[in-house]
Amino acid sequence: MNRMHANPTKPATNMISSLQYRGVGLLLMAILLLVAGGCDNKAELPGDHKLVVIGFDAADWAEIDPLIEAGRMPVMERFLTQSTYGTNMSFTPLEKSPLIWTSMATGLRPNQHGIGGFIRSSGDGLNTARDWRAPAFWHLAGEMDMTACILGWWITYPASPINGVLVSDACSYTTAGFRDPAGLVRPDTLSAELTALQVDYRDIRLEELGRFIDLEALVGHEEELAAELDQLRVFIAGDKSYMAMARHLAATGDFDVFSVYFRGLDTTCHRFWGYHRPEVGPGNHSEVALAVLGGVVPAYYEFCDELLGEMLALFPDDRTVMILSDHGFHGKRQRRGSWVGGVQAHRPQGVFMVRSPIHEPGFRFDRTPIINVGPTIFALMGLPASEEMPGVVITEGLTSNGLRYIEQLESNRVPSYKPFAPAQDDSVSVEEDAEMDEAIMRQLKSLGYVD
Ligand SMILES: [Zn+2]
């Protein structure tokens, strides 16, 4: 456990939680020492255990492959030559993003981690960070005395204190005008400077949309398509906001675990797929709308490629990086004579990519069940999976060293990480934040996620 890391700003508000961590952290270390002590020829994970996880909701090889072929995603094209990658098979029947991302973060199934979707399974309001019954990889990082910087991951509002910085997913709903509700960011002391970096969608000018839409075809039809363009602005603003905060935070210290989740690709697919693949969807789009908006989806992939480039540039070239999506996308489906969207527009095939010292560069495998992502993240941090995790560490593309290391970890699973579930933090009263709840519900409804 002797590792070097820069110490990011640790304000006083975080002191109490750090002390709590130290207490439980010893317990975790004791468990891991028992594990390590019980085996000969202990395999070591090469490198420094530092990890970057980047999430692009709904990213799909069916779109990425042809775009790379056309030279439109140069960053990912290069990244793949350094990575092991394949299809990340999501849960079927198709499930909602919050549940899937929580499963990837914990390695557990929804009935184990407590997040069943957008709405609580009891029907009693939206799921919040208080519903987590198991620790995410960033909580365990804290137990290991590693620092974490986590931005935008699903169901992290109200943000709970971690050993580092947590920027909750609720920032996506606060870009229109400055809002700084409690619980958006931990530690609280960073809230004002981070939320000030948020991009207001109303500041995204028409010229900036020119890379996503056909501005010439738009002339004379601005009114007719105003609502669509505003939606596009909201999606871009959300992703740009998290990118700006990531850039800012990466400059403050070299966190051991750094993760950003970008949601805009999923929302863009939900809203603009019908223009991208009019032959598939319910149609009824005007000629003008098709001309103006037909290129939004591929242009958003290009935008994601740029975000990826910016992210990678924040870290050394040999940093372990994992890129994930929770599912792919194939647009609305016809069920019993009517068109259905929401999760039915997803397809199970998401993406998994990893660049690390124990993975073969440029190795493409077929597919892996998404429940294997959690144990794989844990392994790259130097942690064994728990016996409660139904998945296994992904072994595709491992070097011989990597294989030895993973076999070692897998034969020494710990019983459970549940004791390290985030402590209930009642300092923020989310239930009373009706404005936030409404903003979230509005967006979920507009995308067909909830009725
Ligand atoms: Zn999703």
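Tryptophan 153 is buried in this predicted model, because its relative accessible area of 0% lies under the 20% limit for that class. Tryptophan 101 is likewise buried, with a relative accessible area of 0%. A pair of aromatic rings is described by the distance of the centres and the angle of the planes. The structure holds 19 aromatic pairs. In the pair of tryptophan 101 and tryptophan 153, the ring centres are 5.3 Å apart and the planes stand at 90°, so the arrangement is edge-to-face. This pair links distant parts of the chain, since tryptophan 101 belongs to helix α4 and tryptophan 153 to the loop between β3 (148-151) and β4 (164-167), 52 residues apart. Both residues also belong to a cluster linked by ring pairs, which includes Trp132, Phe137 and Tyr261.

Another aromatic pair joins tyrosine 300 and phenylalanine 303, again edge-to-face, with 5.2 Å from centre to centre and 80° between the planes. These two residues are three apart in helix α13 (residues 296-313), so about one helical turn separates them.

The zinc ion is coordinated by Asp57 (OD), Ser97 (OG), Asp326 (OD) and His327 (NE2), at 1.9 to 2.2 Å. Serine 97 lies in helix α4 (residues 97-106), whereas aspartate 326 lies in the loop between β7 (320-324) and β8 (328-329), 229 residues away. Serine 97 is buried at 1% relative accessible area, and aspartate 326 is buried at 0%. The angles among the four donor atoms run from 88 to 136°, and the site is irregular.

Finally, helix α10 (residues 226-250) has 25 residues. Of these, 19 are buried, so the helix is largely enclosed by the rest of the structure.

Key:
Residues are numbered from 1 along each chain as its sequence is written. This is a predicted model: local features need pLDDT of at least 70, side-chain atom pairs count only at pLDDT 80 or more; totals for chains, interfaces and linings use all residues. Side-chain values use heavy atoms; hydrogens and water are left out. Helices (H or I, at least four residues) and strands (E, at least two) are DSSP runs, numbered from the N terminus. The expected span of a helix is 1.5 Å times one less than its number of residues. Buried means under 20% relative accessible area, exposed over 50%, partly exposed in between (1.4 Å probe, protein chains only). Donors are N, O and S atoms within 2.8 Å of the metal (3.2 Å for Na, K and Ca); water is not among the atoms, so sites may look incomplete. Four donors count as tetrahedral if all angles lie between 85 and 135 degrees; four count as square planar and six as octahedral if opposite donors are over 155 degrees apart and all others between 65 and 115; anything else is irregular. Rings of Phe, Tyr and Trp (its six-membered ring) pair if their centres lie within 6.5 Å; planes under 30 degrees apart count as stacked, over 60 as edge-to-face and the rest as tilted.
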